[in-house]
Amino acid sequence: MPELFSWQFATDPYPAYAWLREHAPVRWTTLPSGVGAWLVTRYADARQALADGRLSKNPVHHAGESLAKGRTGIPGERNADLMTHLLNIDPPDHTRLRRLVSKAFTPRTVAVFEPRVRELTDGFIDAFAGRGEADLIHEFAFPLPIHAICDLLGVPREDQGDFRDWAGMMVRHAVPGQGGGGTRGGVARAVKKMRAYLVELIHRKRGDLGDDLISGLIRASDHGEHLTENEAAAMAFILLFAGFETTVNLIGNGVHTLLAHPAQRAALQDSLAAGDGTLLETAVEELLRYDGPVEMATWRYATEPLEIGGRPVAAGDPVLVVLAAADRDPARFDTPDTIDLARRDNPHLGYGHGIHYCLGAPLARLEARTAFAALLTRLPDLRLAAEPDDLRWRGGLIMRGLRTLPVAFTPEA
Ligand code: HEM
């Protein structure tokens, strides 16, 4: 059995996932926190588990003590006021809250947002394009999503720097002891400040509604839908959390994969130069399948005894669906360990499946398309400025991504 959750595992978890899929596809595993959980690694089992209503998202269903007290891996887990968010609740509350936010978060809202994402993308590239080198995580992948989500929510530009700091604290927390200073206390303080700010912003906007998402939530709740202040703050918070580190890592992991596969990257550059966006669309999905940011879907707990892949799961047992393993399952994908940007048959689970399917997928796709296209077009000879073995990966339970991505390129004139 290969070692899980080690430094090598964070660097390349795929051999361990291949082993699990083949030898122990539904395996009881003790996690680094000491909590036990079932790891589900085959595509068919994973897809079924994600849509199984007997698996609850609410930590109160955990048979052990620790999760119910808050060890979900999501910042804010110990802050009861922030716990009532989409990723922690089941129907009927989930149905009501999701309907409400879906009204404010439509594909149209996101499409209207495209020029702003382009402006942000170009602005961040402008800042380093003349230098000939950059760290694409810190200078590009990290600031882009946080400013995009802040804009979408309606956080005024002058306050967005605070959000960037708070979000940075939370990400550092994702790998305890390896992240350069983030401590549990520091994270709790950042979460508290963010919540206080969001509550205050909701109050302020009530008197001056705009066309942003928070105003949309307030409008929806004023039109007879019930949304408490805690729920509104928790909603804004989970949008920030769910939409931030995921997108940082989709861009980081995606650029890393492109740089490591020159023929694929050249084909994408050629199609962009020809003004054809078709390959870019399939490429974003394939990069997500091949090395996506979410390794394991967030926790689920069995509310009654059930079977997954023939293994008995007891009521109260936690279940972690390993999306990254399912998306390399040869039983579902041809040559799963090969990156094929033109792959068409690609029903990957990178955004989850079922009622908790990623709400922000249209925004994530927009940001990824814009980011990859701008980088490859403006910096055509972009290359890695470190030995591949020297890159350091941040592996958590839920998320996996690069700490830094040093690149070099011919400076823009
Ligand atoms: C849910 C992935 C970007 C908001 C999810 C889930 C996954 C996921 C796997 C399901 C988790 C589960 O079932 O346990 C991703 C990836 C992204 C991304 C890979 C980027 C590449 C975003 C963005 C936003 C967002 C940009 C919003 C601004 C959400 C929300 C949920 C969610 C609110 C919970 C939905 C629910 O429970 O009904 N995401 N996400 N995500 N995502 Fe994303």
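**Exercise 1. Classify the residues of the shell around the ligand by class, and identify the elements that supply them.**

Step 1. The shell divides into 17 nonpolar, nine polar and one charged residue. Here Ala, Val, Leu, Ile, Met, Phe, Trp, Tyr, Cys and Pro count as nonpolar, Asp, Glu, Lys and Arg as charged, and the others, Gly among them, as polar. This is a predicted model, in which local features need pLDDT of at least 70 and side-chain atom pairs count only at pLDDT 80 or more, while totals for chains, interfaces and linings use all residues. Numbering of residues starts from 1 along each chain as its sequence is written.

Step 2. The ligand is surrounded by 27 residues, the closest being G243, G352, C358, G360 and A364. A residue is near a molecule or strand if its C-beta atom, placed from the backbone, lies within 6 Å of it.

Step 3. Two or more residues of this shell are given by each of α12 and α16 (361-378). Helices (H or I, at least four residues) and strands (E, at least two) are DSSP runs, numbered from the N terminus. The largest share, seven residues, comes from α12.

**Exercise 2. Characterise the packing of α6 against α8.**

Step 1. Two packed helices are described by the angle between their axes and the distance between the axes. The axes of α6 (residues 114-129) and α8 (residues 143-153) come within 10 Å and cross at roughly 150°. Axes are lines fitted to C-alpha atoms, for helices over the stretch in contact, and angles run from 0 to 180 degrees between N-to-C directions.

Step 2. On the α6 side, R116, V117, L120, T121 and F124 meet P143, L144, H147, A148 and D151 of α8; contact requires C-beta atoms, placed from the backbone, within 7 Å. By class, this contact has six nonpolar, two polar and two charged residues.

Step 3. Also in α6 is E114, which counts as partly exposed because it has 13 C-beta neighbours inside 10 Å.

**Exercise 3. Locate the backbone exceptions and state their exposure where it is known.**

Step 1. The peptide bond from P91 to P92 is cis, with omega near 5°. P92 lies in the loop between β3 (55-56) and α4 (93-104).

Step 2. F5, a residue other than glycine, has a positive phi near 65°. F5 belongs to the segment before α1 (7-11) and is partly exposed, with 16 other C-beta atoms within 10 Å.

Step 3. T335 is not a glycine, yet has a positive phi of about 35°. T335 sits in the loop between α15 (323-326) and α16 and is exposed, with 9 other C-beta atoms within 10 Å.

Conventions
Two residues are in contact if their C-beta atoms, placed from the backbone, lie within 7 Å. A residue is buried if 20 or more other C-beta atoms lie within 10 Å of its own, exposed if 12 or fewer, and partly exposed in between; C-beta atoms are placed from the backbone.
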